[in-house]
Amino acid sequence: MLSDNPALLGLFTIVIGVGACLAYFFFSNVFIDKVLFPARGPNAGRNINRANMIRPWLFLFPALFALTLYLAYPVFETLRLSLTDRSQGGAFVGLANYRQMMNEAKFWEAVRNNMLWLIVVPAASTAFGLLVAQLTDRIRWGNFAKSLIFMPMAISFVGASVIFKLIYDTRAADQNQIGVLNAIWLKFDGGIGSVIFLQLLPTLLLLAFAVVVAYVAWTFVRGIVARGKDKSLWLLPLRLLVAVGGVWLIWISLNSALGVWITDVPYGEPQTWLTLPLWNNFFLMVVLIWIQTGFAMVILSAALRGIPEETVEAAIVDGANPFQIFFKIKVPQIMGTIVVVWTTITLTVLKVFDIVFAMTNGQWETQVLANYMYDKLFRANDWGVGSASAIIIMLLVTPILVWNVYNARKEMK
C-alpha cells in the first residue's frame, strides 16, 4: 500500500526517521545515566563527570557513523577497485589501471577541459556575481533584480541544460530556427553589423580576458620575486601552476582573437554550436555560469553590506572616485569571502557531469573527468579505470577542501 502512494510513503519515512532519532537519544541517555554511570552511591560525582564526557560523543555518533558508512568506506573501496581488474576476477593489478588511463587520449581531453572549466567558470561566476551585487545595491528595484538573477539556482543542472540546448538548437536553413542563437546568427550577412558583433566585439572580449588573466597570474607570481613577501614553499607550486595556466590561457585568447579575423565566417548558414571544437566547451560553461552567478551574488552582496561605512566615507573625503572605492576599499575587505565563493564554485566545477552528459555526452571534444568516469564505470563496465578516474577527481578536490578548512579556522581565530 505504501509503495502505491508516494506521499504516504514519504510521510511514513519522516515519522519513522524522526521517531528513531528521538528514541535513540532518549534511550541512550537513560542507559548512560541509569546503567553505565548511575548518579548514586559513593562514586556519584565521578559518574556524572564521566557521563557528561561521553554524552557529546553519543550525540555525534550517528553523524560519524553515517560519514564513515557513506564517505570513508566508499573512498577506500574505490581505491581498492582502482587497483584491481574485473576481467581477471578482481585480481590485484597495482597501478595498471592508472597507466591504461594515462595512455588514453580521452582522459587527457577530459583533464584539459576540466582545467579550462576550472579557470573560466569560477572566475566568470565570481566576477559577474560581484558586479551584480555592487550594482543592484544602488538601485531601487535591486531586490527584484537579485531575485531574477538568483532564480536559476532553483533549476537543476539537467533542466538548465535542456533550456540551453534549445537555445543552441539547429534546424535546416529553409526552416524556422527555434534556437535563439541561430535565429540571431542568420540576421548577419557580412555588413557593418557583422564586423562589429562577430569580429570587433569578440576580439575586445578576448583581449580583455587575456589582460585579466595576465593580471591575476602576475598577482600570484610576483610573490616569488618580490622582496619581503610570503615565500612559503607550499605556495610555490600553486603560483607556478597559476603562471603556466595563465600563459596557456593568454595564448589561447590571442590565438582566438587572431582567428576571428582570418576565419571565413559562414554567413547565412545555421551553425551546430555544440559541435564547434573548443568553442563548444564555452557554450557548455555558460550554463554553469548562469546558475552559479546567483549564488556568488547573494554571498558577495551580504559581504558588501558588512563593510563599515566609515571606510567608504573616509575614501570619499580623500577624493577617491567610485572605481577606486570599489577596487581599493571594498574588494580588499571582502577578499576572504571572494576566495570562499571562488573555491566553492571550483568544487562544483570539478564534479561537473550533468551539463556535459545532457548536452553533448562528452562528444566533439567536450569530455570532462566525471563524464569519463561514468563512461568507464557504466558503459564500458571497467570498474578499474573508472575507479582510478574517481580517485583522480578526489585528489583534485582534496586540496581545495583543505584550503577552505584552513581559511575557516584562520578566520575563527
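Which residues form a nonpolar patch on the surface, and about how much accessible area do they have together?

1. In this predicted model, the nonpolar patch on the surface is formed by Ile192, Ile196, Phe197, Leu200, Leu201, Leu204, Leu205, Leu258, Trp261 and Ile262, which together have about 1000 Å² of accessible area.

2. Helix 8 gives the most, with 7 residues.

3. Leu201, one of the patch residues, is found in helix 8.

4. Ser253 has its place in helix 9, which covers residues 236-262. Ser253 is buried, because its relative accessible area is 4% and buried means under 20%. When its neighbours within four places in sequence are left aside, Ser253 is in contact with Leu206, Phe209 and Ala210.

5. Phe150 is found in helix 5, which is made up of residues 142-150. With a relative accessibility of 37%, Phe150 counts as partly exposed. Leaving aside neighbours within four places in sequence, the contacts of Phe150 are with Gly294, Phe295, Met297 and Val298.

6. A further point concerns spacing along the chain and in space: Phe150 and Arg140 are 10 residues apart in sequence, and from C-alpha to C-alpha they are 17 Å apart.

Key:
Residues numbered from 1 in each chain as written. Predicted model: local features only at pLDDT ≥ 70, side-chain atom pairs only at ≥ 80, totals over all residues. Heavy atoms only, no water. Helix = DSSP H or I, 4+ residues; strand = E, 2+ residues; numbered from the N terminus. Buried < 20%, exposed > 50% of the residue type's maximum accessible area, 1.4 Å probe, protein only. Contact = heavy atoms within 4.5 Å. Patch = residues over 30% accessible without salt bridge, like charges linked within 9 Å, V, L, I, M, F, W, Y side chains within 5 Å. Areas by Shrake-Rupley, 256 points an atom, 1.4 Å probe, with all protein chains shown as cover. Salt bridge = Lys/Arg side-chain N within 4 Å of Asp/Glu carboxyl O.
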